[in-house]
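Visitor: I would like to learn how to read this structure. Please take me through it one feature at a time.

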Amino acid sequence: MVIILFVGLFGSVQSQVIPEVDFEGFEPLLHQADDTTYVLNFWATWCKPCVDELPHFVKAASEFKDQKVKFVFVSLDLPGQDQDKLISFVKNHQMEGMVLLLNDPDSNSWIPKVDAQWSGVIPATLIYRGADKSFFKGFLSYEHLVKTIKSKQL
């Protein structure tokens, strides 16, 4: 199932559909035990701080594209939102191939599974490699993002 999930998650947005998953489908991304660093950014199109930090993540994704680093932009936009609007936003911000829509209304059960101290406020970012995890609530600067990614690669 994880292989199918990854094909869907990391496929191109050119297909005109952003993969929509519930938490059960998303949860394997929280527990990958390989030699890759995962950067999971929780955001929404309506969240100004999220939109303001997106260029940092897009730039870092480009910088690390030839390394074992996977960026996943986890949209928490409302389920049933116009896919065309979300796809347009993703393309305008050059986020292609790294986006999914988390559609699970039971956020009170899944938010603490991402991080026990997370209230659900966005933006939020989980960066991990194996058991070495760092969770950030709020805006993350480019410098802090890159420093944290590099610390996981050691």
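Visitor: Which residue stands opposite L101 in β4?

Guide: E20 stands opposite L101 in β4. This is a predicted model, in which local features need pLDDT of at least 70 and side-chain atom pairs pLDDT 80 or more, while totals for chains, interfaces and linings use all residues. Residues are numbered from 1 along each chain as its sequence is written, and side-chain values use heavy atoms, leaving out hydrogens and water.

Visitor: How many bridges pair β1 with β4?

Guide: Two strands pair if DSSP finds at least two bridges between them. Here β1 (residues 20-21) and β4 are parallel and share 2 bridges. Strand β3 (residues 69-75) also runs parallel to β4, with 3 bridges, and V74 is the residue opposite L100.

Visitor: What are the elements, and in what order do they run?

Guide: Helices (H or I, at least four residues) and strands (E, at least two) are DSSP runs, numbered from the N terminus. The protein has 6 helices and 6 strands, in the order α-β-α-β-α-β-α-β-α-β-β-α.

Visitor: Which residues of β4 lie on each side?

Guide: In a regular strand the side chains alternate between the two faces of the sheet. In β4 (residues 99-102), V99 and L101 are on one side, L100 and L102 on the other, and all four are buried. Buried means under 20% relative accessible area, exposed over 50%, and partly exposed in between, using a 1.4 Å probe and protein chains only. Of the 154 residues of the protein, 48% count as buried.

Visitor: Is T125 buried or exposed?

Guide: T125 counts as buried because its relative accessibility is 0%. The residue belongs to strand β5 (residues 124-129). Contact means heavy atoms within 4.5 Å. Leaving aside residues up to four places away in sequence, T125 touches V39, L40, N41, E53, F57, S134, F135, F136 and L140.

Visitor: What does the side chain of T125 make with the side chain of N41?

Guide: The two side chains make a polar contact at 2.9 Å. A polar contact is a pair of N or O atoms within 3.5 Å; within protein, one must be able to donate a hydrogen and the other to accept it, and residues adjacent in sequence count only if both atoms are side-chain atoms.

Visitor: At roughly what angle do α3 and α6 cross?

Guide: Axes are lines fitted to C-alpha atoms, for helices over the stretch in contact, and angles run from 0 to 180 degrees between N-to-C directions. The axes of α3 (residues 48-63) and α6 (residues 142-152) cross at roughly 35° and come within 9 Å. The contact is made by H56, F57, K59, A60 and E63 of α3 with Y142, L145, V146 and K150 of α6.
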